[in-house]
Each structure stands twice: as C-alpha cells, then as structure tokens.
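Hi there,

Here is the structure I promised to pass along. Have a look at it first, and then read on for what turned up.

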Amino acid sequence: MRREDFFIRLCTGIWLVALAGCRSEAPHSTGSVNVQRGGAPPAGSDSLPADDGQWVRPAKDYASTRFSSLTEINTTTVRNLRVVSTFSTGYVRGHEAAPIVANGTMYIVSPFPNIVYALDLTKPGLPLKWQYNPKPEAAAQGVACCDVVNRGAVFDDGKIFFNTLDDHTVALDAATGKPVWDTKVGDIQIGETITMAPLVVKGKVLVGNSGGEMGVRGWLKALDENTGKVAWTAYATGPDQDVLIGSSFKPFYAKDRGTDLGKTSWPPDMWKIGGGTMWGWISYDPALDLIYYGTANPGPWNPEVRPGDNKWTSTQFARKPETGEAVWGYQMTPHDMHDYDGINEQLLIDLPINGQVRKALVRPDRNGYIYVMDRTTGELLSASPYGFINSSSGVDLKTGDLKVNPDKAPQVGKVIREICPAAPGMKDWQPTAYSPKTGLLYIPHQNLCMDEEGLSANYIAGTPYVGMNVKMYAGPGGNRGVFQAWNPVTGKEVWSIKEDLPVWSGTVVTAGDVAFYGTMDGWFKAVDARTGAILWQFKTGSGIIGQPVTYRGPDGHQYVAVLSGVGGWPGALVSVGLDSRDSSAALGFVNAMKDLPSKTVRGGMLYVFGL
Amino acid sequence: MHRTTRPLLYVVIAAGSIGLAMHLARHRAYAAAPLRVCADPNSLPFSNQARAGFENKIASLIGDELNRPVEYTWWAQRRGFVRHTLNAGDCDLVVGTAAGMEMLSTTRPYYKSTYVFVTRRDRALHIRSFDDSLLHRVKIGVQLIGDDFANTPPVHALANRGIVRNVVGFPVYGNYAEQNPEARIIDAVAKGTVDVAIVWGPLAGYFAQRSSVPLDVVPVSPRLDLPYLPFVFDIAMGVRRGDSAFRKQLDEIIVSRKATIDSILRAYGVPLVDTHQETAE
C-alpha cells in the first residue's frame, strides 16, 4: 500500500481525519505518498519533481481517478475562468486525447495522422517547442471503424509514448521530440488499428489493438520502455497459453473457471478471429502489483453462429505487469449480442462496504451496470444499473451471471425494437472521475436505445449481404446524454444533469469541488461537485469529445485544458461528413445525431483556461 | 490503397502520337471531362489497378458510350469506401454495389447473381441445398463481413439449421497485403482445408475457372430463407445521391448495351441468375 493507493484509501476511508492530507500538498505532508507519480516507478525513472501539479497520463494516476488535489480553481473562483491560450492542431477529425503535462511542457496528440505537439508552458502564448509527425499509412483510415481518433500520450522517464492508427508504438525524447524507438505492433492489412492511450507500468508500455469487427484477434502487449521490444502478449481468445492463463489464475466465479475456455467456449476455431480487442483503459495497483483492463466484444461472427460464452471477450482481467500472467478474470457480458465491449475505465478506490473497507475496482460498464468488485479477487460487491436497461434484468452477485433478456436478442429478418442501452452502451470510452473528497463518481455517458432490423442491402469487398439496420435514438426522458454524480457505496445517483446530446467527453474533478466536462455542441462546463449546479461555461469552437485535465503551471497557478474538435462515433456525422439521410450510417448512430450538423462544425483546437 | 488518379491520356496527348490522333478523331468528345470511377485496386474479379477486372471492362464500355476517358480513384472497398471516394467528390461512379444501398443512389440492376456451393469435383459431394444433411458433417468455409450483428447470408442460414461447429470463417477483407485477398476461401477448397465453401457467385466463378484443381460451382437453394434471408442479389452501379441526370444516362447504357455487359460477365465466370427463370421457379 504505497503512494497513490495509500492516498486514495486515506481520502476515502478516513476523509475527515485526513482532510489536510488530501489537499493539494498531500504528497509533501505524508512523505511517502507521491500522488502525481501514482505507483512505484522503476529505479531511476523518477525524474519528475514531487508535486501534484502535473498530468502525466490521461487518467492522472494509476488508480484512474482523474482527481486533482489543486484548489485554486474552486466553487468560488471558477466563475473568473478565462481563456489564456489556444492552439490549433491543424486537424478536424474527432479529438479524444487528453493533454499531457510534464516538466513545464504540454504534449498533445492529434487524431490521424497522429502529430505530437510539445508546447512550452513557461512562456506566454505557449509556444511550440517541437512537433513530431509519425507519417502513418493513409490506408489505416479505411480500416478504423469509427472516426480516426487517438486517446492520448503518456509521459514517463523523460519520454513521451503514443500509438499511431497504423499500429506503431512510438517513444519520443520528451525534451527534443526525437524518436527513441518505434515498434510496429499490429497490421492494418488484417484490420488492426490502435486508438488507445498506452500506460507505462514498471518499465513496460502497455498497448492494445482495435478492429474487432474486421476479424482481428484481440491482444494486450507489453513493450520494454527503453527498447520497445515486446516482452509479452496476452491474447483475449484461444488456449490458456495464449491468454497467459496459468497456475496463478483464480477466477472468483465458477462460470469463469476451466481449462482453455478461450478456445472451448467457441465453436471450433472461431476464436482465431474472435475479437476481444483492447482499445480502452488500463489501471494499476502498485500495492497488489496488478494491472486491470477489460476486453472488447466478440466479432466478427453474429451471435447465433457462436454459441457459448465466447471467452475472454467483454471480460475484466487482472494481470501481473512483469509477465502478463492472469490472476483473475470476470466476464461481464458472456456471449455478447449488443456490441457491449468491456473496455471502459476501471477506478481503483477503497470503499467502506458493509462496515469493511474493501479494495474495490469500480467499472461503469457499457452493458449498463456499475460493477464494484474486490480487486484482489474479482468478487462482485455490487452491480447497479446507472440508467435504463432492458437488454438484461440484473446481475446475480452469487454466480456472477448477467441475466440476459432473450426478447432483445438480434435476429435476421426480425425487427427488434427498443433495445436499451444501444450499441455504444450506457457509456462508451469516455472516462469517469472520482473525488475522494465527495466520495462520488462523475460519469459522462449517453442515454440511447436502438431498433434493429435486418432488411437493408449492403455491399462490402465485392460481397452483398443483408445489413442489420440499426437505428439509435434517445432513451427514456428524451435526453441523449447525462452527466451523473454517483455514490459507489450506496449504488445510487446523487445528482445528474440531462444533456441533449450524448456526453462523449471525459471529465476531471478537483479538490476545489469542481467537475469539468464538455458537450458535443461545444460547451465546456464547470459544475459544483456536490450539487451539480453549473458554475461556469464557455463555448468552444467545435463540439467537445476530449478529456479535460488540470495542472499547476510553472507560474504556480492552476489551469484547465481541453481539446475541442467534434467527432468520434457519434460525431462522425460532422467530422467525417457522413450523410445524415443514411440513418444506418456509423452503425446506426447517425439516426440519433441528425441535428448535430446544425449545432457544431468540425475543428481541432486546444483551449487553456486560467484565473 | 493510395489514392491516385491517373490522367494517362493527357500525358499521351502531350506526346502527340499519330495513333492517338487517329483515336481522338474517332472519339472527338475525349476532350470532355473524364469519367471518374471509384474502385478497389486489389479485388479481382471485380477490379484492380491493372484494370483487369470485369468492373474495369464495364467502366471502359461506359467511357466509350459517353465519349469520356476513364480515370480511377483507388480505395479498398471496405467500410468508408463510398465516403472516402464517391461522397468525397473524388470520383463519380461506383461500378458494382448492391441495388438499393442507402448511402448512394443506385441505377437499375445490370446483373443478378447468387451465393454458390464450391467443392472439389473429385470429392463428388454434390451439395445443392442448405438442407443437405452432409452440411452437418463436412467442414464448411464461409465469408465473414464483420458488420455488427450481420453477416453473409450463408452464415445465418447455417446457424438457423444449427450448423455452427464445423464452420470456418474467412473475413472478406482478408490480408490486404496479398493479391486478391477475397480469394483465400476458394484456395481453401482447392487445398482441401475445407470440404465446401459457400461463396458469393462472381468471386467463386472466377477463381474456380482458374483453379488448378477442378471445382464445382453450384447455386445454393433455396434462394430465400424465410422470413427474409436472400441468397440472390441484384447488383447495380452507384452514383452520388442527387446525381440523377448521370444515373439516367447509366440506366440507358445498361439497357442498350445489355448484351455486351452480359458477355463481359460470362467471360469472367459470373454465375448469372435469370430474372425470368427465377419468377418461373
């Protein structure tokens, strides 16, 4: 229990006593706690000054709280926020990345072609220090499923690490922008792309692939931080040997126990192209020395062809970072029928549950439930719906089973109406924040249902077929998006803001009790973390789907930064220029977003706000 | 998949060869705007960069009819193909697409084909129907689309009959680094990796013709699985929505040059389904 793990426990379990320790100077006052660094870094890599002012990885800390202990911008001062600088990325596709702040420099990655910019925070106007163009192959754009986004870079040990759409992981010298190494980890020719932000743990850069709908087999790879050499690969499907399941693997539930389930829970050989990619988030607990991530949905087989659980798709894994060895696994959505990937963020927070402080893993999943698990064992502590669900009727906490509603199973030739949540789930990639001060989660998400009917002729690679016509629309209440404060202990909503459009941005929450998020029509909003009252808002040039961050600049003052630039799966109508008359475009998302072109236009711009 | 347009004619015109001058005399209107075609550079028998596919031949036929030189914008025909090419305004005609597809405006269909069973002739399996009990015992290759919830009709037809454990999938995308990646499923039949493949007709017909091992290509039956799973599809040309004057021109050519189009399709081994025959059945 070191560093951030300690910090989180301190702030959740005994907040009142430790109040002072959880303010911005926590790292200094508690000595061994190093909040901004997160976990125990490898020897010699701790080159950052010990303060909480930076933002070295998209999730801020290894626990993925996206919580900043800075307080200069707070519920009283936030109304004075103003733009202090802007920077155009030069690109107009969806901007999902988090700006990264380390050593007085801000690093941003553009969507394809994945240009990295380094901005000097020590000078007025944030002048450009360097830029790096990885020159990805143009063909990668034709492979990516849902806009050519990138979710950001990560800083560690004087280097910037990021992924390109055409499957390269690149390490740059953070000071000069010169490449240190560049490893090709996947192949666009077989449908693989990479959109996720890597995470560096104990000298290893963790990277996963995208492309489940192209017949890709999902994996997570660990690359040596200094050489780029692949240390291990953990596949999501196939025999135990390939999934890195060995004697340490102890799933909590009987349904997840057995030999070679990644092979035997499929009809023969289907696992070889079975999906289970990893394009989302990874967390790390330095005390338990485990990494956590979830896998995507099964593909490209339609559900009735792949009877069985289709392991290990839509599964939460815990693994040892050094070897990749799996320690436990829990399949949230066995035999997925609705595109419920399991790649969402998992927050590692310690929570008092039934009078006991539990080392919890909190996962607001795409299937509509917020799973609270014991992160040492994978035991379910609760699984509460955080919006309207009818594709299932609950999770059995004794067996771990998802109670699937067979009436909502897709069938060719049959119209299935009102499947909730829709294919993007209750929440897609857009990450949640957690404040140890309020004890609440801040969840940006959508409220969408869908109809499915297999009636429209389609044609791909010279092959005609009957496409499943998916149409999405607002769920109960009529709002397509929600920004929600949630108590993970009681499993209940505390307050929520209904947003007309899906909330596809990330969020950040601070010790100043302010939470930030953006809307797809371009508003950047600051809300009171306790009440949900909107305290300040600013209209940016384009819709926001990026991840806001906050940091202390070299001048000692707090700033908030976010990329504006609509796009992504729901915004592809604008960023890609899809045809709004084709309601099944973007896998049916266009139907729910027909008004977006009248509300925003594309454009990629960094906004930095300060007092 | 580099996007390259090739105004070859203009280069040659600059060279001023006599042969070309004669050619131009016959096709005066070649000074007109080029016929800009969107096509996959690596997808025989449909099209390729060497213009050796039947869609390339049909594009040339249309170019001749309209007295316009043919130019290409090359892009792999995957998700995003129409968006990156036709709807980006880089080209004006997609030669092959499913009739009635929503994202573009389609002409009248110019051929109808069917999914087929492909087997080695020496195996003498004689599979003609999805209801053949052999299909429960042999290894079956199918084409996979990877669109959420949807797949090629044979995949659904087999699943409806409980045939899933002996099915091998070949994503239609294949490995694009290889030549004609869609053809791997036919190779698998020839090599004996699968006993039977259920493949879209034009692909099967063309590669079966060229296989070193004799292959049988037999249309599937029934032609429609109820409630709605067709194995026979109308193929049309596609233009941008709203481009109706151009679409009408194409409709006229499809009617007036039907015999030539049919002979091109036959030369490529495309199994053609007769509309009249279908209604009679």
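A residue is called buried here if 20 or more other C-beta atoms lie within 10 Å of its own. Please keep in mind that this is a predicted model.

Let's start with helix α3 of chain B. Among its residues, B:F54, B:E55, B:N56, B:I58, B:A59 and B:I62 are buried. The elements covering them include strands β1 (35-39), β3 (47-48), β4 (70-74) and β5 (93-98), along with helices α8 (244-256) and α9 (258-267), in chain B. The helix runs over residues 54-66, and its 13 residues should span 18 Å at 1.5 Å a residue; the end C-alpha atoms are 18 Å apart, so the two values agree.

Next, a sheet in chain A. Five strands make up this open, mixed sheet, in the order β1-β32-β33-β34-β35. At its edges are β1 (67-68) and β35 (534-539), each pairing on one side only. Within the sheet, β32 (508-510) and β33 (514-518) of chain A run antiparallel and are joined by two bridges. If you want to find one of the bridge pairs, A:V509 has A:A515 in β33(A) as its partner.

Finally, how do the two chains meet? In all, 51 residues of chain A are in contact with 56 residues of chain B. On the chain A side, β28 (448-460) and β29 (463-474) each supply at least two residues, and β28(A) gives the largest share, eight residues. That side of chain A has 29 nonpolar, 14 polar and eight charged residues.

Best wishes

Methods:
Residues are numbered from 1 along each chain as its sequence is written. Chains are lettered from A and ligands numbered from 1 in the order in which they are written. This is a predicted model: local features need pLDDT of at least 70, side-chain atom pairs count only at pLDDT 80 or more; totals for chains, interfaces and linings use all residues. Two strands pair if DSSP finds at least two bridges between them. Helices (H or I, at least four residues) and strands (E, at least two) are DSSP runs, numbered from the N terminus. The expected span of a helix is 1.5 Å times one less than its number of residues. A residue is buried if 20 or more other C-beta atoms lie within 10 Å of its own, exposed if 12 or fewer, and partly exposed in between; C-beta atoms are placed from the backbone. Two residues are in contact if their C-beta atoms, placed from the backbone, lie within 7 Å. Ala, Val, Leu, Ile, Met, Phe, Trp, Tyr, Cys and Pro count as nonpolar, Asp, Glu, Lys and Arg as charged, and the others, Gly among them, as polar.
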